[in-house]
Amino acid sequence: MIKEFKKGDLEIVLATMNRDSLDFLIPMFPFSHFSEFLILIINQTAENTLLVSEFPSVRIVNSFEKGLSKSRNLGLQNAHGKLVLLADDDEVFKEDFENTILEAHNNYPEAVSICFAIEDSNGLLFKKYPSQIKMQVNNLDVFSVLSIEITLKRTIFNQFNNNFDTDFGLGSSFMMGEETIFLSDLKKKKQNIIIVPKVIASHPAVSTDDKLNFEHRYYIQGAFLTRVLKNNYRKWIFLKLFFDIKQNKIKIDQVFAALKSASKGKKAYQQITK
């Protein structure tokens, strides 16, 4: 089999804020110097705090906008690598992460996006992943994907004009769901997304979802489900309630308040997209 992708074809597109030094990259690559990898850093900052790089392999775009989805889009627009790995500034890569990604894309050339696995800082899997490679992802699979699990063929950006929805993600109207919307849009365009459950990095376990109370979470869910599944909104909001009750994330007496918050989120999203 001819290998389409080789070392140097993968570019790490990394979102960060207010950096004036590359030192934050050092702990991200404990097995090697970061300059051995292609890295594009989108640094959302102020005009008096600019990040610069002396390494040809590490490119910088200083942006004066705010919002994670805007950062991701700017990264995709400026990426040079044949393959792109989305990254945060607080993850730690595994020594073989690059080979794992290249091998997967060479083995499954039909996939425009391959999603991998992440551990927490204690070496435990972030969530329950499929036990083997999953060639056909469903909505539940896509709904649980984290942005830092996602790799993409760069050619899809121009071909399908697929971007992150800037109404969703940290720093936007609705603080979560941007990666699911991105992959759902690809899925609607009949593009192949697969899951290869091999660990490529570790990341602190605290998430945005953990920091929000249940009413705020459901407010975002109302907007998110309206954006992704307009015709099946009611089905999925009740499915979300069922799983949250089962997993003790909310109590029975909170269901009405959750539904009310979801309805507010739905209306808020409809209002801004009129």
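Colleague: Taking contact to mean heavy atoms within 4.5 Å, which residues is leucine 74 in contact with, leaving aside its neighbours within four places in sequence?
Modeller: With those neighbours set aside, leucine 74 is in contact with Ile42, Val61 and Ser63. Please bear in mind that this is a predicted model, in which local features need pLDDT of at least 70 and side-chain atom pairs count only at pLDDT 80 or more, while totals for chains, interfaces and linings use all residues. Residues are numbered from 1 along each chain as its sequence is written, and side-chain values use heavy atoms, with hydrogens and water left out.

Colleague: Which helix is leucine 74 in, and what does that helix lie across?
Modeller: Leucine 74 is found in helix α1, where helices (H or I, at least four residues) and strands (E, at least two) are DSSP runs numbered from the N terminus. Helix α1, residues 68-78, lies across β1 (10-17), β2 (38-44), β3, β4 (83-88) and β7 (150-153), and it runs at about 140° to β2. Angles here run from 0 to 180 degrees between N-to-C directions, and axes are lines fitted to C-alpha atoms, for helices over the stretch in contact.

Colleague: In what order do the strands of the sheet come?
Modeller: The open sheet has 8 strands in the order β3-β2-β1-β4-β7-β6-β8-β5, with mixed pairing; two strands pair if DSSP finds at least two bridges between them. The edge strands, each of which pairs on one side only, are β3 (58-63) and β5 (92-93).

Colleague: And how many bridges join β5 to β8?
Modeller: There are 2 bridges between β5 and strand β8 (residues 193-202), and the two strands run antiparallel. Phenylalanine 93 has alanine 201 in β8 as its bridge partner.

Colleague: Switching to the helices, at what angle do α7 and α9 pack?
Modeller: Helix α7 (residues 214-228) and helix α9 (residues 255-272) pack at about 45°, with their axes 6 Å apart. That makes α7 oblique to α9, given that angles under 35 degrees count as roughly parallel, over 145 as roughly antiparallel, 65 to 115 as roughly perpendicular and the rest as oblique. By class, their contact has 9 nonpolar, 5 polar and 4 charged residues, where Ala, Val, Leu, Ile, Met, Phe, Trp, Tyr, Cys and Pro count as nonpolar, Asp, Glu, Lys and Arg as charged, and the others, Gly among them, as polar.

Colleague: What about α8 against α9, how far apart are their axes?
Modeller: Helix α8 (residues 233-246) and α9 have axes 11 Å apart and pack at an angle of about 140°, and α8 and α9 are therefore oblique to each other. From α8, Tyr233, Ile237, Phe238, Leu241 and Ile245 meet Val255, Ala258, Leu259, Ala262, Ser263 and Lys266 in α9. The contact of α8 with α9 has 9 nonpolar, 1 polar and 1 charged residues.

Colleague: Which residues of α5 meet α7?
Modeller: Those in α5 are Thr180, Ile181, Ser184, Asp185 and Lys188, which meet Phe224, Arg227 and Val228 in α7. The residues of this contact of α5 with α7 divide into 3 nonpolar, 2 polar and 3 charged. The axes of α5 and α7 come within 10 Å and cross at roughly 15°, and that makes α5 roughly parallel to α7.

Colleague: Last one, where does UniProt place a domain?
Modeller: The unreviewed UniProt entry places the feature "domain: Glycosyltransferase 2-like" at residues 55-146, with the caution that feature names are shortened, positions are given in the numbering used here, and annotations may be inferred rather than shown by experiment. In the model, the span of residues 55-146 is 29% helix and 23% strand, and its end C-alpha atoms lie 29 Å apart.

How values were computed. Contact = heavy atoms within 4.5 Å.
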